[in-house]
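Here is a short tour of a protein chain, with the sequence and model set out for you to follow along.

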Amino acid sequence: MSEIPVANGWQQILAAALAEARGLPPEWCFEIVKAETVDGALKISANYVSGDVPLDDHLPPDQKIPHPWRAMMRIREKAREKSLATCECCGCPGRLVDADEEVRVRCRLHEYVLDAVAWGASASVAGFMFETREEAMAHFLKDYGDGLDMMQELLAQQGRYKQHDPLDGSE
Ligand SMILES: [Zn+2]
């Protein structure tokens, strides 16, 4: 299996494409060889042997013979579509951003990141996905904010119970 470099956020898309390629007829020798970013989207390229399978575009769809070229186009298109809605940095839902220099797919948090691969490398060197403490905290609060509120309410309630504890006698 070849190691194809792709930005962190698109690892899952590439993995799905590789899985689909593994299910193709072995005699096609179908191998995904490249995953690049073209016009902001993921473009997958593959090597395959079409041998003597004719490209039967003149036939109606139900009579077409399975063809590696067609499989390649299908896998490529699927990956492209997914990539256009997936942040290249983190894999969250994203959209095409064309501010500054290059068109790219980003979530709101990573709109400013130009090079997702370089960004991903620096993030993993730092040991976490977030670039700053503040950003990590913002995520934490977003995910657990409701839980924290609930905990504070529970604590407040416990405080009230304590105040009303008849055995306490301090009231
Ligand atoms: Zn992102």
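## The hairpin

In this predicted model, strands S1 and S2 make a hairpin with two residues between them. Aspartate 39 sits in the turn, and its phi is positive, at about 50 degrees.

The strands themselves, S1 (residues 31-38) and S2 (residues 41-47), run antiparallel and are joined by seven bridges.

## Two helices side by side

Next, have a look at helix H1 (residues 11-22) and helix H2 (residues 68-83), whose axes come within 10 Å and cross at roughly 165 degrees. An angle over 145 degrees counts as roughly antiparallel, so that is how H1 and H2 lie to each other. The crossing of H1 past H2 is right-handed.

On the H1 side, the contact is made by Ile13, Ala17, Glu20 and Ala21, while H2 brings Ile75, Ala79, Lys82 and Ser83. Sorted by class, this contact has five nonpolar residues, two charged and one polar.

The protein chain has a mean pLDDT of 81, with 70% of its residues at 70 or more. Where pLDDT is low, the predicted coordinates should not be read in detail.

Definitions and conventions:
Residues numbered from 1 in each chain as written. Predicted model: local features only at pLDDT ≥ 70, side-chain atom pairs only at ≥ 80, totals over all residues. Axes fitted to C-alpha atoms, helices over the stretch in contact; angles between N-to-C directions. Helix = DSSP H or I, 4+ residues; strand = E, 2+ residues; numbered from the N terminus. Parallel < 35°, antiparallel > 145°, perpendicular 65-115°, else oblique. Left-handed = near helix turned anticlockwise from the far one by under 90°. Contact = placed C-beta atoms within 7 Å. Nonpolar A, V, L, I, M, F, W, Y, C, P; charged D, E, K, R; others polar. Pairing = 2+ DSSP bridges. pLDDT = per-residue confidence, 0-100.
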